Amino acid sequence: MTRRAEFKLGFFVVLQFTCLLSRCSSEEWLPEISPDTSPQPFLPFLAPSPMVPYINTTIPKLSGLCSLNFTASESLIQTTSHNCFTVFAPLLANVMCCPQLDAALTIILGKASKETGLLALNRTESKHCLSDLEQILVGRGATNELGRICSLHSSNLTASSCPVTDVDQFESAVDTSKLLLACERVDPVKECCEQACQNAILDAATNITLKASESLMDNSDRISDCKNIVHRWLATKLNPSQAKETLRGLANCKINRVCPLVFPHMRHISGNCSNELSNQTSCCLAMESYVSHLQKQSLITNLQALDCATSLGTKLQKLNVTKNVFTACHISLKDFSLQVGNQAGCLLPSLPSDAIFDQDTGISFTCDLNDNIPAPWPSSSQSSASTCKKTVRIPALPAAASSQPSLYNEGVKRLVIFVLSMVLVILLS
């Protein structure tokens, strides 16, 4: 049966924190769920409305020294606060939180340029504006560690080393018609392979770097800074939802190309899995132990999981592990992502997605528990898992997704998120 999980965070978190602090066993609190049956929602008895203690919008204390109109971007800010929701933010940082935060900042700065004629803030105002935005997001339930999690600094709101900030100067230096034609309608799948919009942005950024009065030893940083200016200009020409779709689509092209996991040393695997796999049992035990450590790191997309499998396989081959240990030990792509209780690994969709807030049920996000795709062992000629030359067919959306807008389709299972407690237990173990 095709299964999709929509995870929810509720009042149960309080009980789980109590459980952890008292060093009790997680099994005492978690309901047993058979993989072959429909999981049932688990809520404490007599609990108040589940999100009351967590989505408690507070009035932020703003500096009064920022000219950006955050009120006009209410929808963007709300989505960002959900994607960066307190405890989920570190787990969703790479795929949802930081890309959405970057898109929101880009669009807000682009909107402001319609009034100021400038595509960047000065250093002083950028500090006030960043502080104000963080206060607003935290007041909506977002983590107060956005700066650390997303490497967010006040310089992100300035031009940095890019020499052009004036809208008129930008438009005189760039073929804006070509840029708009390439980027106003971006297909999030085709763009990652054809790179039409990305190439147009690179051309525009390269052109405006030529306005610099002094050259740099390495021009790549300046081109990167100028790409941010190009993104902001694009945001002025697209409506907010279209700009968000474009920016998140471009970000996902980069996200899905790279495995975000950190691989610890593999001496134990190489010691048990080399020599033509003479002892498969000890090899697979070593593989299982190693993969269990990877599973504590982050939620990843299905395409990232493919990148991670390729990276791990390549590293093992360099350590003289020549046999396909993924097949021998039944390693699948979902084994590389955070595990959801006794269900399976949670693979997020490769297309941009957002967390959703519901007043009754809380924060939710969708992941696939049914992608039982074997992890491919890299061939000797395969240098990387190219997004455009996959040897494995991977759906862009979870297998249970359909054309129906409802989240209650047949085969869709709903879990109240006791997952958070499980995550905390894993991370603290």
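## Basis and surface

Accessible areas follow the Shrake-Rupley method with a 1.4 Å probe, and for residues only the protein chains shown count as cover. On this basis the chain exposes about 20900 Å², of which 52% is supplied by carbon and sulfur atoms.

The model is predicted: local features need pLDDT of at least 70, side-chain atom pairs count only at pLDDT 80 or more, and totals for chains, interfaces and linings use all residues. Residues are numbered from 1 along each chain as its sequence is written, and side-chain values use heavy atoms, with hydrogens and water left out.

## Fold

The chain has 16 helices and eight strands, taken as DSSP runs (H or I, at least four residues; E, at least two) numbered from the N terminus. Of its 429 residues, 50% are buried (under 20% relative accessible area, 1.4 Å probe, protein chains only).

## Disulfides

A search of the whole structure finds 10 disulfides, each a pair of cysteine sulfur atoms within 2.5 Å. Among them, C84 and C97 have sulfur atoms 2.1 Å apart. C84 lies in the loop between α2 (74-83) and α3, whereas C97 is in helix α3, 13 residues apart. Both cysteines, C84 and C97, are buried.

Another disulfide joins C183 to C197, at 2.1 Å from S to S. The torsion about the S-S bond of C183 and C197 is about 105°, so this disulfide is right-handed. Because C183 lies in helix α7 (residues 176-183) and C197 in helix α9, the pair ties together parts 14 residues apart in sequence. C183 and C197 are buried.
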